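Please look at the sequence and the model first, and then follow the questions in order.

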Amino acid sequence: NREKHLAFIGELGEKVSLAGPMLSDDGESMVGSVLIIEADSADQIRSIADSDPYALAGLFEKVTIRPFRQVIPA
C-alpha cells in the first residue's frame, strides 16, 4: 500500500505543503502521519483522506482534521 499511498499524495501536487511520518521518541517506529494540504473546506480534506489508499486498506485508526495557518515563513 505504501507505493499507492505515495503516488496518491504525489497526485495532489501543490495542494500538499508537507507530508511525512510521525516517529516514536527513539525515531525508529512510525506512530502516525502528518499531512498539510491546502483546500477550500474540511469536507474537501475529508474526501481526500477517505480516498487515500491507506484509509481504503483500513490502516488509519483515526483521522483528525484541523485548520492550520502558516505564520513562519511569511
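Q: What makes L18, M22, V31 and V34 a nonpolar patch on the surface?
A: In this predicted model, L18, M22, V31 and V34 together have about 320 Å² of accessible area and form a nonpolar patch on the surface. A residue can belong to a patch only if its relative accessible area is over 30%, and nonpolar side chains are joined within 5 Å. Two strands, β1 (16–23) and β2 (30–37), each supply at least two residues of this patch.

Q: Why is V31 called exposed?
A: V31 is found in strand β2, and its relative accessibility is 54%. The word exposed is kept for values over 50%, and V31, at 54%, therefore counts as exposed.

Q: Why is G32 called buried?
A: G32 also lies in strand β2, but here the value to consider is a relative accessibility of 17%. Buried means under 20%, so G32, at 17%, counts as buried. The C-alpha atoms of G32 and L6 are separated by 15 Å, and the two residues are 26 residues apart along the chain.

Q: Why is S33 called partly exposed?
A: S33 is found in strand β2, with a relative accessible area of 31%. Buried would require a value under 20% and exposed a value over 50%, with partly exposed in between, and because S33 has 31%, it is partly exposed. From C-alpha to C-alpha, S33 and L23 are 8.6 Å apart in space, while in sequence they are 10 residues apart.

Q: How do you know which strand gives the most to the lining of the largest pocket?
A: The largest pocket has a volume of about 1100 Å³, and 34 residues line this pocket, with V34, L35, I36, T64 and I65 lying nearest its centre. The elements that give two or more residues to this lining are α1 (2–11), β1, β2 and α2 (42–51). It is β2 that gives the most, with 8 residues. By class, the lining of the largest pocket has 22 nonpolar, 6 polar and 6 charged residues.

Q: What lines the second largest pocket?
A: The second largest pocket has a volume of about 170 Å³, and its lining includes R2, H5, L6, S33 and Y54. The elements that give two or more residues to the lining of the second largest pocket are α1, β1 and β2. By class, the lining of this second pocket has 6 nonpolar, 3 polar and 1 charged residues.

Q: Why is D40 called exposed?
A: D40 is found in the loop between β2 and α2, and its relative accessible area is 75%. Exposed means over 50%, and D40, with 75%, is therefore exposed. Between the C-alpha atoms of D40 and R2 the separation is 27 Å, and these residues are 38 residues apart along the chain.

Q: Why does F60 count as partly exposed?
A: F60 lies in the segment after α3, and its relative accessibility is 28%. The range in between begins where buried, under 20%, ends, and stops where exposed, over 50%, begins, so F60, at 28%, counts as partly exposed. The C-alpha atoms of F60 and D50, which are 10 residues apart along the chain, are separated by 9.9 Å.

Q: How do you know what kind of peptide bond joins I72 and P73?
A: The angle omega is about -10 degrees for the bond joining I72 and P73, which is a cis peptide bond. P73 lies in the segment after α3 (53–56).

Q: How many helices and strands does the chain have, and in what order do the elements run from the N terminus on?
A: The secondary structure comes to 3 helices and 2 strands, and from the N terminus on the elements run α-β-β-α-α. Taken along the principal axes, the C-alpha atoms of the chain fill a box of roughly 30 × 30 × 20 Å.

Q: What share of the residues in the chain is buried?
A: The chain has 74 residues, and buried residues make up 19% of them. This share should be read with the cut-off for buried in mind, which is a relative accessible area under 20%.

Technical notes. Residues are numbered from 1 along each chain as its sequence is written. This is a predicted model: local features need pLDDT of at least 70, side-chain atom pairs count only at pLDDT 80 or more; totals for chains, interfaces and linings use all residues. Side-chain values use heavy atoms; hydrogens and water are left out. Patches are made of residues with over 30% relative accessible area and no salt bridge: like charges are joined within 9 Å, nonpolar side chains (Val, Leu, Ile, Met, Phe, Trp, Tyr) within 5 Å. Accessible areas come from the Shrake-Rupley method with a 1.4 Å probe; for residues, only the protein chains shown count as cover. A salt bridge is a side-chain nitrogen of Lys or Arg within 4 Å of a carboxyl oxygen of Asp or Glu. Helices (H or I, at least four residues) and strands (E, at least two) are DSSP runs, numbered from the N terminus. Buried means under 20% relative accessible area, exposed over 50%, partly exposed in between (1.4 Å probe, protein chains only). On a 1 Å grid over the protein atoms alone, a cavity is a set of points where a 1.4 Å probe fits but cannot get out, and a pocket is an open set with protein on both sides within 12 Å along at least five of seven lines; lining residues have an atom within 4 Å of a point. Grid points are joined across faces, edges and corners, and a volume is the space filled by probe spheres set on the points. Ala, Val, Leu, Ile, Met, Phe, Trp, Tyr, Cys and Pro count as nonpolar, Asp, Glu, Lys and Arg as charged, and the others, Gly among them, as polar.
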